[in-house]
Amino acid sequence: MFQLALARMREFYREPEAVFWVFGFPIVLAFALGLAFRNTGPGELQVGVAPGAGDSALAATLDSSPRLVAAVLDSGTARLRLRTGRIALLVVPGDPLVYRYDSTRTESGLARLEVDDVLQRARGRSDRVAVRDDRVVAPGSRYIDFLIPGLLGMNLLGSGIWGVGFSVVQARQRKLLKRYMATPMRRSHYLLSFILSRLVFLLLEVVALVGFGWLLFGVAVRGSFATLAVLTILGAFAFAGLGLLVASRAKTIEGVSGLMNLVMLPMWILSGTFFSYSRFPDAMIPFVKALPLTALNDSLRAVMIDGAGFLSLGAPVAIVMAWGAVSFAIALKIFRWR
Amino acid sequence: MPAGECFGLLGPNGAGKTTTIEILEGLTPPDSGAVEILGTPWRDGAAGRALRERLGIQLQDTQLTDKLTVTETLTLFRSFYRQSHTVDEVLALVELEEKRRARVVTLSGGQKQRLAVACALVSKPELLFLDEPTTGLDPHSRRQLWEIIRRFRAAGGTVLLTTHYMEEAERLCDRVAIMDHGKVIALGTPRELIATLGAEHVIEFALSDGVPADLADALRALGGVTAVRSGADGGGGGGPGGLALTVTELHRTLPALLTLLQQRGLELSLLTTHHATLDDVFVALTGRQLRDT
């Protein structure tokens, strides 16, 4: 079994493409998304001023606010920029002043408040109550903090199903499974060797992704590393089982690819990898929560963000383990060895 | 099969050779009947594994893992058996020492096949199953494999092989079963089987203007001719319109044939002779060619 697992691992690391998709891709994804959604505070809001009486004075007033960048734009440009979101709001001089903006855009709402505040103060409005800002940054509240555990879960799913599924079907297609059957090898050893080799790569995957998140974005693991390790091992076991199940009958790579997508795509979308699954209708939530990736993502987030202990994760851990055990058992039962 | 024998299953593609050998290997369950290997019937579980310890099996079209090296592949197969040759020993058996570090994907067809046989030999088997071990190989690689099989037998091993090369069966096998459409149609030593033709030589010829209808009878009347076949394909390349004669005494029949043709004013477009082979036995039994299927 050890030799089988070793062979599996050699097969894997000698396939540079596979190595990239398992290790490189999630990191690139985390990097890109982390950059796109980085929290740089409220940031500066772009606003435009339409031509009219006192337009440049108006623009200068607005521009003096640290949170606004304002410029006088001709009406064509202004319309275009407003539509494409390059400016959040357009001020049209006159009496009354007109604020033109799209009220469904969060940025525009912020710009409306800020612009009005700056202009009213400039015209002599005084504040009745003294206020002081106290900005806090809660650890774990950034998008990247949400994303890294999700990517970790997704990666465990992908490498489990791809890694196991493809190589099983390939061995079957190449008649290698049949050849192994002609030796005294135990069948369970063959299946277990996949899990063993998955565990080794799992370690590397987790270290790579968590290390990357920590180094570049300061995503800390607030729970214990031991809990994280146990969770990822359970996750890898569950997904390797699922991968074996997917590959248990398929005869061709094309056939198994379709099945893999059928299994993985719903989970990518539903299981809260990139956005919280609470956005789905309430009626769907119980189903979504029963998916192994949802359960794993929830537990990973609980450990990494909230520092939850293993024992507090009973339900999701049970779901992950049940998926793994059931699919492994079914796979063993219906596996096509020839 | 007695121990130490080399037994050949010979037949065209689709004759049922692979199915037969896989039933014997315990990989395909038989529709009916019982199989015993080394005096043991196939059983699931530990008994089956114990039996597998004693067998060496090469399957017809296993593609070994491309990314592993020769040594790694053999180490893997070795790990399945309780008792086995070392990698170096088995590499020496199949003369692949130079390729020990090469990945499987870089090997030639003959080398891959020798590696496949090495995977079968690594378990120090008592009985070696080879399913078309030389199909698709060049003559040199084929002779190398024959040599490997001979050495295995010299060390006391028993071999069951399938082939559709009659030459291979004649050279390697003590006994041959000729198969067609899933049935054994002849069984014996290659010499015995050829002897059933009643003659040792085959003359094949073709005429430039086709064969007249009454010629066959005239040919049968020639001395020493035991059979006349009109081969749609004369095997030796006679082409349509060719005839094949099985003859006991080539040196008497051939001049008589030439005289006959000359008398009737027929012109030869082709004439070949050869010693009768298992191929001729197969043609005599089925009316079809063995090779060109």
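What share of the contacts in chain A with a separation of 6 or more comes from residues 24 or more positions apart? The share is 74%, where a contact means that two C-beta atoms, placed from the backbone, lie within 7 Å.

A note before the views: this is a predicted model, in which local features need pLDDT of at least 70 and side-chain atom pairs count only at pLDDT 80 or more, while totals for chains, interfaces and linings use all residues. Residues are numbered from 1 along each chain as its sequence is written, and chains are lettered from A and ligands numbered from 1 in the order in which they are written.

**View 1. Chain A as a whole.** Chain A has 13 helices and four strands; these are DSSP runs, numbered from the N terminus, with helices being H or I of at least four residues and strands E of at least two. Its C-alpha atoms fill a box of roughly 90 × 45 × 40 Å along the principal axes. Of its 338 residues, 39% are buried.

**View 2. The cis bond at A:P96.** A:D95 and A:P96 are joined by a cis peptide bond, with omega at about 0 degrees. You'll find A:P96 in the loop between β3 (89-92) and β4 (98-100).

**View 3. B:E132, a non-glycine with positive phi.** Phi is about 45 degrees at B:E132, which sits in the loop between β5 (127-131) and α6 (139-154) of chain B. B:E132 is buried, with 23 other C-beta atoms within 10 Å (20 or more is buried, 12 or fewer exposed, in between partly exposed; C-beta atoms are placed from the backbone).

**View 4. B:H181, also not a glycine, with phi near 50 degrees.** This loop residue lies between β7 (175-180) and β8 (183-188) of chain B. B:H181 counts as exposed, because it has 11 C-beta neighbours inside 10 Å.
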